[in-house]
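The points run from the overall fold to single residues.

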Amino acid sequence: MKNKNVLVTGGAGFIGSNLVKHLIQEGNRVTILDNFMSGYRSNLDPFPTATIIEGDVRDQNVVELAMKGIEVVFHLAASVGNKRSIDHPITDAGINVLGTIQVLEAARKEGVRKIVTSSSAGIFGELKTMPIKEDHPIEPDSPYGCTKLCEEKLCLSYAKLYDIDAVALRYFNVYGPNQRFDAYGNVIPIFVFRMLNNESLLIYGDGEQTRDFVHVNDVVQANIKAADSQGVSGAFNIASGTRVTINRLVELISKANQNVVKIEYGPERAGDVRHSLADISLAYQTFGYFPQVSLENGIEEYVKWAQKLSVKV
Ligand SMILES: NC(=O)c1ccc[n+]([C@@H]2O[C@H](COP(=O)([O-])OP(=O)(O)OC[C@H]3O[C@@H](n4cnc5c(N)ncnc54)[C@H](O)[C@@H]3O)[C@@H](O)[C@H]2O)c1
């Protein structure tokens, strides 16, 4: 995608800032709407040409302002993660459901023709069949899974009602540069930053649970290809199509970081699924998505990024 007026909600966040980088490199004019709830201003420092609007996707006026002249919307702003939604279910629903409706309404009024929204594998709940296809039973285990499902369905309903294509990308476990360590962080940043500080790692359960980790560059690729696709609306899995145990993940991080720390095993965590593996063939067949980054290379790159960040802190 080149030379377009593009809005990225949640553009200061982990995935959003990686997407903004690519969009700017390709010569698009990028507007970012973010309230910095979990995103970082410093993620946007490298993009002085981007228009940054500090505001909330639940605020109709600010969303309409951000939407002026926009041709393509990438909607990533969200309250992210199972734990955050269990701790703050009302906020989660407000941002993910009402915020999405504000974005859709503003997009409809502005005549936007394409919206790509960030859904989540969290909509599926416990694995019933493997690999997970798009038509796998949908039984979310957390408020987050429910609100992301609602977000996805809202976008698809707008595609049915109006002259707008809507693509919902169901990301599995995304990792890569700009993914920070925080209380709601995913397993890779938590383990990498704890290892950098020579702190022990806590694995919930026996560590034989599996996850399908996908590098953020591949998620960016999926967003761009979905936006470029003509006349496509629907929901698609975006993952690597491979899975790894948490125990193996720890080995890879340890190798990349060249250190070994104490590992503790604790009880399984409420809301976590045991296994996760995506079938990504529909995204490949429909708009040519194909992951490029291996977990080994991606982890090595991520550890280098985290090492630089910890030196700065
Ligand atoms: N990281 C993953 O593994 C993963 C997996 C599945 C789906 N997703 C989805 O991808 C999207 C991006 O996630 P991320 O990992 O980059 O998380 P993130 O927390 O880094 O990014 C979310 C961004 O949205 C902004 N935001 C939150 N509430 C807002 C509001 N009310 N108004 C405006 N901006 C707001 C935050 O400040 C942040 O910049 C989210 O929609 C998330 O649900 C992420």
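1. The chain contains ten helices and 13 strands, taken as DSSP runs numbered from the N terminus (helices H or I, at least four residues; strands E, at least two). Its radius of gyration is 19 Å, close to the 20 Å that the globule rule gives for 313 residues, so the chain is as compact as a globular protein of that length. That radius is taken over C-alpha atoms, and the rule is 2.2 Å times the number of residues to the power 0.38. The C-alpha trace spans about 55 × 45 × 35 Å along its principal axes.

2. On provenance: this is a predicted model, in which local features need pLDDT of at least 70 and side-chain atom pairs count only at pLDDT 80 or more, while totals for chains, interfaces and linings use all residues. Residues are numbered from 1 along each chain as its sequence is written.

3. Of the 313 residues, 45% are buried (20 or more other C-beta atoms within 10 Å of the residue's own; exposed is 12 or fewer, partly exposed in between; C-beta atoms are placed from the backbone). Of the contacts with a separation of 6 or more, 79% join residues 24 or more positions apart; a contact means C-beta atoms, placed from the backbone, within 7 Å.

4. The largest nonpolar core has 80 residues, and V8, V73, L169, V219 and I238 touch the most other members. Helix 7 (residues 216-228) gives the most to this core, with seven residues. Such a core is a set of buried Ala, Val, Leu, Ile, Met, Phe, Trp, Tyr and Cys residues joined through C-beta atoms within 7 Å. Not counting residues up to four places away in sequence, V219 touches I15, Y171, V174, V214 and I238.

5. How do helices 4 and 5 pack, and at what angle do their axes cross? The axes of helix 4 (residues 89-110) and helix 5 (residues 143-161) come within 9 Å and cross at roughly 10 degrees, the lines being fitted to C-alpha atoms over the stretch in contact, with angles from 0 to 180 degrees between N-to-C directions. Helix 4 and helix 5 are therefore roughly parallel (under 35 degrees; over 145 is roughly antiparallel, 65 to 115 roughly perpendicular, the rest oblique).

6. I190 lies in helix 6 (residues 187-196). I190 counts as partly exposed because it has 17 C-beta neighbours inside 10 Å. Leaving aside neighbours within four places in sequence, I190 contacts F181 and G185.

Notes: Two residues are in contact if their C-beta atoms, placed from the backbone, lie within 7 Å.
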